Amino acid sequence: MYINIETERLIIRPINLKDTEFIIDLVNSEGWLKFIGNRNISDINDAKKYIRKILDNNNFYYNVFELKESRKPIGIVTFMKREDEQYPDIGFALLPEFEKKGFTIEASKTYLEKIKNLNKYENIIAITISDNQKSINLLLKLGLKYTGKYEKDEDTLYYYSLKNEKAKG
């Protein structure tokens with residue numbers, strides 16, 4: 001879901017075509033390449049195509065979080081309903097120079113609370129690989145619980161889940 005939210009330090013807003021340079025930096029950062037994968041985005045045109053593909057998919061929501069004071073985009077929180085998954089999936093990514101400052105937990109927690117309060121989703125999942133310890137730690141802080149590992153293609157994916165008892169599901 002696309003939403004506009006303000007936290008103490010951040011503005012969370014829907015991704016747009018003005019985010020091309022930020023997306024180039026983010027998807028080519030070491031963490032993204034290692035834990036999410038190479039999206040082959042090397043220039044403004046590639047970034048525009050990538051953002052348009054997201055905006056054209058009614059099941060994918062990428063929300064940029066930016067510093068409130070400077071309006072500099074520093075990360076994303078995503079919410080996706082993948083075709084091969086029963087439940088929607090929350091995710092996040094951050095530019096490396098902003099790590100270890102609490103920005104991702106601030107953005108993800110606020111975004112997740114908004115989604116939970118809709119009472120629309122009975123379960124929200126997160127998927128990561130086993131050696132992405134930073135993401136695993138953040139998922140646990142957000143209240144998601146480990147539910148198991150699954151082999152998919154050549155990867156072992158770890159699944160986390162957050163039940164919403166009030167959801168109308």
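K72 is partly exposed, with a relative accessible area of 36% (buried means under 20% relative accessible area, exposed over 50%, and partly exposed in between, with a 1.4 Å probe and protein chains only). This is a predicted model, in which local features need pLDDT of at least 70 and side-chain atom pairs count only at pLDDT 80 or more, while totals for chains, interfaces and linings use all residues. Residues are numbered from 1 along each chain as its sequence is written, and side-chain values use heavy atoms, with hydrogens and water left out.

**The loop between β3 and β4**

- K72 sits in the loop that joins β3 and β4 (helices are DSSP runs of H or I with at least four residues, strands are runs of E with at least two, and both are numbered from the N terminus).
- Apart from residues up to four places away in sequence, K72 touches F65, E66, L67 and F98, where contact means heavy atoms within 4.5 Å.
- R71 belongs to the loop between β3 and β4, and its relative accessibility of 46% makes R71 partly exposed.
- R71 is not a glycine, yet its phi is positive at about 65°.
- Most residues other than glycine have a negative phi.

**The chain as a whole**

- The chain holds five helices and eight strands.
- Read from the N terminus, the order of elements is β-β-α-α-α-β-β-β-α-β-α-β-β.
- The chain is as compact as a globular protein of its length, because its radius of gyration of 15 Å is close to the 15 Å that the globule rule gives for 169 residues (the radius is taken over C-alpha atoms, and the rule is 2.2 Å times the number of residues to the power 0.38).
- The C-alpha trace spans about 40 × 40 × 35 Å along its principal axes.
- Buried residues make up 48% of the 169 in the chain.
- Among contacts with a separation of 6 or more, 60% come from residues 24 or more positions apart.

**Helix α1**

- Six of the eight residues of α1 (residues 20-27) are buried, so this helix is mostly covered.
- Those buried residues are T20, F22, I23, I24, L26 and V27.
- Their cover includes the helices α2 (30-35) and α3 (44-55), together with the strands β3 (60-67), β4 (73-80) and β5 (89-94).

**The second largest pocket**

- The second largest pocket has a volume of about 150 Å³.
- On a 1 Å grid over the protein atoms alone, a pocket is an open set of points where a 1.4 Å probe fits, with protein on both sides within 12 Å along at least five of seven lines; lining residues have an atom within 4 Å of a point.
- Grid points are joined across faces, edges and corners, and the volume is the space filled by probe spheres set on the points.
- The lining consists of E85, Q86, Y87, N123, I125, T147, Y150, Y159 and S161.
- At least two lining residues come from each of β6 (123-129), β7 (145-152) and β8 (155-163).
- By class, the lining has four nonpolar, four polar and one charged residues (Ala, Val, Leu, Ile, Met, Phe, Trp, Tyr, Cys and Pro count as nonpolar, Asp, Glu, Lys and Arg as charged, and the others, Gly among them, as polar).

**Other loops worth a look**

- K81 lies in the loop between β4 and β5 and is partly exposed at 29% relative accessibility.
- Leaving aside neighbours within four places in sequence, K81 is in contact with N59, F60, Q86, Y87 and P88.
- T7, in the loop between β1 (5-6) and β2 (10-14), is buried, with a relative accessible area of 10%.
- Beyond its neighbours within four places in sequence, T7 has contacts with I12, K68, E106 and T110.
- L118 is found in the loop between α4 (103-117) and β6, and counts as partly exposed at 39% relative accessibility.
- The C-alpha atoms of L118 and W32 are 30 Å apart, with the two residues 86 apart along the chain.
- N119 lies in the loop between α4 and β6 and, though not a glycine, has a positive phi near 55°.
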